[in-house]
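Visitor: I would like a close look at a single part of this protein. Please start with the overall layout and then go to that part.

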Amino acid sequence: CKKYTQAGERVKAVKCLLRSGDTEKIIFFANHSRNAEIYVLAANYLQSQNWQSDAAIYKHIVTFYTKAKAFEQLAGFFDACAQLQVDEYRDYDKALTTLREAQKALDKGDADQMRKDNMRRRAEFVEQFINARSLIKPGEECPQMVDMCNDLLARADPTHMDSALVEQAVRVGDIFALLVEYNDKLGKADAAFDLMQRMQSRNIILTYFLEPTLVEKICKATGHDPVEFDKATFRPPSPNRGGGGGDDEVEDDFVEEEIV
């Protein structure tokens with residue numbers, strides 16, 4: 001790496017560092033490079049590191065993509081972050097904030113209008129779910145919340161033109177779970193049980209979204225045995241969408257990726 005630096009071959013030097021896996025040296029080198037390609041290479045590499053729990057690495061990724069003006073890649077990273085916030089932490093508020101950052105990045109770059117529109121609509125679906133959830137008041141009927149959730153479920157149906165966008169934005173199991181819990185608290189066990197059956201029909205793992213005790217409570221209240229549900233819906237879940245950002249996931253050959 002040193003010989004490349006001495007020869008002025010800074011891109012080759014950083015690629016050598018990337019192969020070494022020395023994260024601190026890579027960050028230091030990129031910070032002093034003032035080279036767009038090096039910023040992108042460093043940011044791509046850092047996405048393979050523990051950015052999920054290391055705020056410093058997260059910040060460096062955002063900074064490097066921004067300095068390189070690689071806004072579509074920055075948007076892809078924010079997209080990956082938003083999906084992680086939903087899949088791992090069910091934090092839709094943070095996911096919405098992050099999706100809006102992705103929108104801003106796309107607006108700065110040369111992304112096509114369809115991609116911009118899709119990102120905007122995904123953010124709208126997340127916001128719709130957040131707003132629906134916020135309408136619930138203990139012990140009170142909330143038809144507006146039910147309508148908003150049913151609208152999302154209808155759009156998530158595979159036959160609907162919005163299904164892919166809704167699935168990327170909001171986990172269908174979370175929508176059903178909100179309705180199940182709402183009906184349970186109102187003492188509407190039959191309605192809650194019907195929703196659980198709809199979850200099963202969509203191959204949704206009930207106990208990933210609902211407490212097993214709640215499932216059993218609703219079954220008991222409606223005169224059903226929990227074992228009537230397919231056993232597959234009671235086993236521990238396999239990873240669902242993961243942290244990838246659609247078509248902007250980090251690839252193994254990040255070292256050779258060029259600036260978009």
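Visitor: In what order do the elements of the protein run from the N terminus on? After that, which aromatic residues form one cluster?

Guide: This is a predicted model. From the N terminus on, the elements run α-α-α-α-α-α-α-α-α-α-α-α-α-α. That is 14 helices and zero strands. Of the 260 residues in the protein, 45% are buried. Among contacts with a separation of 6 or more, 61% join residues 24 or more positions apart.

Now the aromatic part. The structure holds six aromatic pairs. In one of them, the rings of Tyr58 and Phe77 lie 5.3 Å apart, centre to centre, with 50 degrees between the planes, and the pair is tilted. This pair links distant parts of the chain, since Tyr58 belongs to helix H5 (residues 55-68) and Phe77 to helix H6, 19 residues apart. The two partners can be described by their accessibility: Tyr58 has a relative accessible area of 27%, so Tyr58 is partly exposed. Phe77 has 0% relative accessibility and therefore counts as buried. Phe77 also pairs with Phe78: the ring centres are 6.3 Å apart and the planes stand at 40 degrees, so this pair is tilted. Phe78 is buried, as is Phe77. Together with Trp51, the residues Tyr58, Phe77 and Phe78 form one aromatic cluster.

How values were computed: Residues are numbered from 1 along each chain as its sequence is written. This is a predicted model: local features need pLDDT of at least 70, side-chain atom pairs count only at pLDDT 80 or more; totals for chains, interfaces and linings use all residues. Side-chain values use heavy atoms; hydrogens and water are left out. Helices (H or I, at least four residues) and strands (E, at least two) are DSSP runs, numbered from the N terminus. Buried means under 20% relative accessible area, exposed over 50%, partly exposed in between (1.4 Å probe, protein chains only). Contact means heavy atoms within 4.5 Å. Rings of Phe, Tyr and Trp (its six-membered ring) pair if their centres lie within 6.5 Å; planes under 30 degrees apart count as stacked, over 60 as edge-to-face and the rest as tilted.
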